[in-house]
Amino acid sequence: MIEYIKLETYKIFKNKQWIAPLITLILFFGLSFYLNTQHPKENQHFFTYYYYIYAINNEIMFPISICIFFSSIYLNEYKLSTIKLLLGSKFERKYIFLGKFISGSIIIFLIFLILTIIYMLLAIVFFTGLDEAAIGLTIINVPTLFGRMVIGFISNMFYLLSIASFVVLLIGFIKKQSIAVLTSLGIIIIYFFIPLPDMVDEYIFLNGRFTYDALTLETLPLDRFIYPIGVSLVTILIFLGLGLLKFDKEEIL
Amino acid sequence: MTKIQVKNVSKIIRKKDILKEISFTISSGEIIGLIGPNGAGKSTLLKLITGLIKPSLGEVLVNDTNIQNEFNKVANEIGFLIEEPSLYDRLNAIDNLKLCLKLHSKIDNKYLQYICKGLEINNFLNKKVKNYSMGMKQRLGIACSLIHNPNIIILDEPTNSLDINGIRQIRDLIRDIHDDNKIIIISSHILSEIEEICDRVLVLNNGLLVDDFKNDSIISKDNAFYIIQIESKGKEIDFIKNKAYIIDSDNSQYKIKVNKAELNMILDLIVKNGMTIVDIKVENSTLERHFIGRGDN
């Protein structure tokens, strides 16, 4: 498995498939930075910069980037017919399928991590110092702030990867990138407009997009993060499991 | 010892019988030519042997391993190019070849150089594949399928998009890499290609294996036919009518067909009876005639 993940990561880098998500994410991060600077000065805080990354992008922008990236990792192989090389190789199908997802996740994680660090460094440059006043929420001290940022980052990664796993499942049935991406986004948008009872809502992975909201609460309720992470994780496993069943039966006609 | 066994294999795709109860065995050292009209099921059969599709009925065994269940055990033994070449177009030839090697982990640098030299791809190793001509892609695709030195080589229309020089190089390379432990299967529409390099021919038609014969049993010099065009202004032609088959006549011009065994005798008759030989041709592809005959049936 590790051997295939290395190979797949090498392939994504060499094929320059990481450039598209990097550019779109730079734009989305830039957009949230810009929108934050448009607030009155007293409402701008170091913490709001971080909050805005998710508040602006989590519903549509990030999912678009994730859907395009993950669908291209898989569908490019069909488009170039290099899927024949992979299926004819020594690697088992399950390693190929899961290896692609894990490699894609590693790359997306790295891009997000690097962009977030750069973004926050820019936010520090904008606001001198990281004292409690600059943070904006007097209740939160600096170590707690970083703790919250890490938790927020991790839970959001799980949310985005659950969307990725959904796209990967979809492309098992739909071999056209545009249709797979639009279908995924369509389902996300429909979910915004269909009110669901709380009981159901809690178990839907798309609900993970609101996790960042909890970052601003005075006392951080850990269950507000752990629960969505759990739902996302279970969703990822279910979608990947179903996708794997489909991929295992796949025939290159 | 390499062996492929195809046992009662049928394949149904979208409710259509593409292959119907195909059975054959291929042993080490054989070069197999797979021929048949479009839609006969050639590519489907090759995909079954390479594990890209699974049989609806029956089984395919490679070295006694059922590839439907355990393809990965024999994956390093198989190299194939089916339909179009499978290449990453944003990478150059070296990166494509490296990837192919990593997918099989049988890295042999000497063999890599030998293949690149044999296919004359050394000159464009650093160029991105998206800038290649179809012929260059085909050469690189073949190199990728051979690069891990597999014992089973499957090439579907390997000379597609190649010029005469390219066709010759592929033919020479196949002859070169062939040894007693290798099986080579070539599917092609160009029957003269099959005639030249294959020692056994499988003929598919309409999903059925309609013929399986040793190439030399059909393509021997003794089986060659000669088409002689003669001019006979009188009744001299009557001396030949009972001895040879007249396939065409136009006024005093006749075309007759004779086999090699009778050639000298017929030539004697023509000369002795004062007829003029206008032209003599050897009818080349006996495999083509054999194949067309089968296709008509």
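**Exercise 1.** In which order do the six strands of the open sheet in chain B stand, and what is the pairing?

*Basis.* The model is predicted: local features need pLDDT of at least 70, side-chain atom pairs count only at pLDDT 80 or more, and totals for chains, interfaces and linings use all residues. Residues are numbered from 1 along each chain as its sequence is written, chains are lettered from A in the order in which they are written, and side-chain values use heavy atoms, without hydrogens and water.

*Solution.*
Step 1. Strands are DSSP runs of E with at least two residues, and helices are runs of H or I with at least four, numbered from the N terminus. Two strands pair if DSSP finds at least two bridges between them.
Step 2. In chain B the order is β6-β7-β8-β3-β9-β10, and the pairing is mixed.
Step 3. β6 (78-81) and β10 (208-214) of chain B each have a single partner strand, so they form the edges, and one side of each lacks a neighbour in the sheet.
Step 4. Direction ignored, neighbouring strands of this sheet are turned by 15° against each other on average, with axes fitted to C-alpha atoms.

**Exercise 2.** Describe how β3 and β9 of chain B are joined.

*Solution.*
Step 1. Strand β3 (residues 31-35) and strand β9 (residues 200-205) of chain B run parallel and share four bridges.
Step 2. Within this pair, V201(B) of β9(B) has G33(B) opposite.

**Exercise 3.** Classify the packing of α6 (residues 93-126) and α11 (residues 223-248) in chain A.

*Solution.*
Step 1. The axes are 10 Å apart and the angle is about 140°; helix axes are fitted over the stretch in contact, and angles run from 0 to 180 degrees between N-to-C directions.
Step 2. Angles under 35 degrees count as roughly parallel, over 145 as roughly antiparallel, 65 to 115 as roughly perpendicular and the rest as oblique. α6(A) and α11(A) are therefore oblique to each other.
Step 3. Their crossing is right-handed (the near helix is turned clockwise from the far one by less than a right angle).
Step 4. Contact (heavy atoms within 4.5 Å) involves residues including F97(A) and F101(A) of α6(A) and L240(A) and F247(A) of α11(A).
Step 5. By class, this contact has eight nonpolar, one polar and three charged residues (nonpolar: Ala, Val, Leu, Ile, Met, Phe, Trp, Tyr, Cys and Pro; charged: Asp, Glu, Lys and Arg; polar: the others, Gly among them).

**Exercise 4.** Is K272(B) buried or exposed?

*Solution.*
Step 1. K272(B) lies in helix α10 (residues 260-272) of chain B.
Step 2. Buried means under 20% relative accessible area, exposed over 50%, and partly exposed in between (1.4 Å probe, protein chains only).
Step 3. K272(B) has 71% relative accessibility and therefore counts as exposed.
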